[in-house]
Amino acid sequence: MEKKITVLPGDGIGPEVVEATTNILDEVAEQFGHTFTYEYADIGGIALDREGVPLPDKTVETCRESDGVLLGAVGGPKWDENPGHLRPEAGLLGIRKQLELFANLRPVAGHESLNTSSSLKEEVINGVDLMIVRELTGGLYFGEPKERREEGGEEAVVDTLSYKRSEIERIVRRAFDLAKVRKKHVTSVDKANVLESSRLWREIADEVSEDYPDVTLEHMLVDNAAMQLIRDPKQFDVVVTENMFGDILSDEASVLTGSLGMLPSASIGSDSPGLYEPVHGSAPDIAGEGKANPLATIASAGMMLKYSFGMIAEATAIDEAIQQVLSNGFRTGDIAKPGEKILSTDEMTAEVVKALQTAAAKS
Ligand code: IPM
Ligand code: MN
């Protein structure tokens, strides 16, 4: 197959982890007889510097014309004082919205060899395998009004949590579809004891569940979910929730895998190409030093192969190569224990390439 991939390196460690990942994609292409071509475009702070906006139209066009989008990370202290619409993050939110990527899939699976690098007890996280399905184009992130205003002569501010029925229904449905081919359990997370939006969310989840008799649905309040996630994470299979709740819970869930540097994500819509990015940010403190953990971005590319290209064997090869390097004891700084040898981004990437090659030679 021939696939056109738009690459958006972005800021901070973004360019480093994305470069590592195209190396892995090249190796996979060679092994499986595919051709991947890359088209690079700007997003975030780099786009602000070069073109004055965080998401140039040209970038959106390039994304639309491709089969999948690979993104590094956006943001950094340089642009922190910018107004909201000129922050790097506005580029990321913009591309999600423009491509209508309403479903953000964040799988959280423990790697046995990393269990001891988590701050949680080994017996709590051993065997964790859950998927956070975060609504990505609505809710508190996008609701209007969203502004500073004056009320009674005083400075005031408003953000809005709003959803249309169709927006809730499609994300809940996505979660049930995923659960069907996993452990057949959906936890719908809301704050229905306080928020009207959550009460509608709950109603719709109940309705949708009737179409999926073999999947069990559980409702959980978000505060309790935050607690259950670290108390007993193995109770979860698919977790579906509002944009902001999903943002917070997925960072929390990363602790279950030992590091935020391990979590991949896929943002999927209905017709547009999917966007694949690590959950971690741009880590400006280590940018350019070759210290970044590339595994989350590499795993995100694996998700692209699976969800956008239907390349199941290829995606599995990537996942297994990641497992292999971890079992072999290779570590970047974020997942190394005191005294363990620390690999650079390039060295870690080379180990993943080697693991891919070794696996191919065996089969
Ligand atoms: C994420 C990030 C983004 C978000 C930021 C950078 C806008 O935290 O992808 O989780 O809040 O969605
Ligand atoms: Mn986040």
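Student: In what sense do β4 and strand β11 pair, and over how many bridges?
Tutor: This is a predicted model, and in it β4 and β11 (residues 264–268) pair in the antiparallel sense, over three bridges.

Student: What makes that count as pairing?
Tutor: The cut-off is at least two bridges between the strands. β4 and β11 have three, so they count as paired. One example to look for is A103, whose bridge partner in β11 is I268.

Student: Which way do β4 and strand β5 run, and how many bridges join them?
Tutor: They run antiparallel, and seven bridges join β4 to β5 (residues 129–135). Look at R106, which stands opposite I132 in β5.

Student: Why is β4 called largely enclosed by the rest of the structure?
Tutor: Count its residues: β4 covers 103–109, and six of the seven are buried, so the strand is largely enclosed.

Student: Where does H111 lie?
Tutor: Look in the loop between β4 and α5 (122–125).

Student: How do you know whether H111 is buried or exposed?
Tutor: Buried means under 20% relative accessible area. H111 comes out at 10%, so it counts as buried. Leaving aside neighbours within four places in sequence, H111 is in contact with M262, I322, Q323 and L326.

Student: What joins the side chains of H111 and Q323?
Tutor: A polar contact of 3.1 Å.

Student: How do helix α11 and helix α12 pack?
Tutor: α11 (residues 312–327) and α12 (residues 345–362) pack at an angle of about 120°, with their axes 8 Å apart.

Student: What about P284: why is it called partly exposed?
Tutor: Partly exposed lies between the buried limit of 20% and the exposed limit of 50%. P284 has a relative accessible area of 43%, so it is partly exposed. You'll find P284 in the loop between β12 (274–278) and α10 (295–307).

Student: Which residues is P284 in contact with?
Tutor: Leaving aside neighbours within four places in sequence, G76 and P77. Also, the C-alpha atoms of P284 and G12 are separated by 4.9 Å, though these residues are 272 residues apart along the chain.

Key: Residues numbered from 1 in each chain as written. Chains lettered and ligands numbered in written order. Predicted model: local features only at pLDDT ≥ 70, side-chain atom pairs only at ≥ 80, totals over all residues. Heavy atoms only, no water. Buried < 20%, exposed > 50% of the residue type's maximum accessible area, 1.4 Å probe, protein only. Helix = DSSP H or I, 4+ residues; strand = E, 2+ residues; numbered from the N terminus. Polar contact = N/O pair within 3.5 Å; in protein donor to acceptor, adjacent residues only side chain to side chain. Contact = heavy atoms within 4.5 Å. Axes fitted to C-alpha atoms, helices over the stretch in contact; angles between N-to-C directions.
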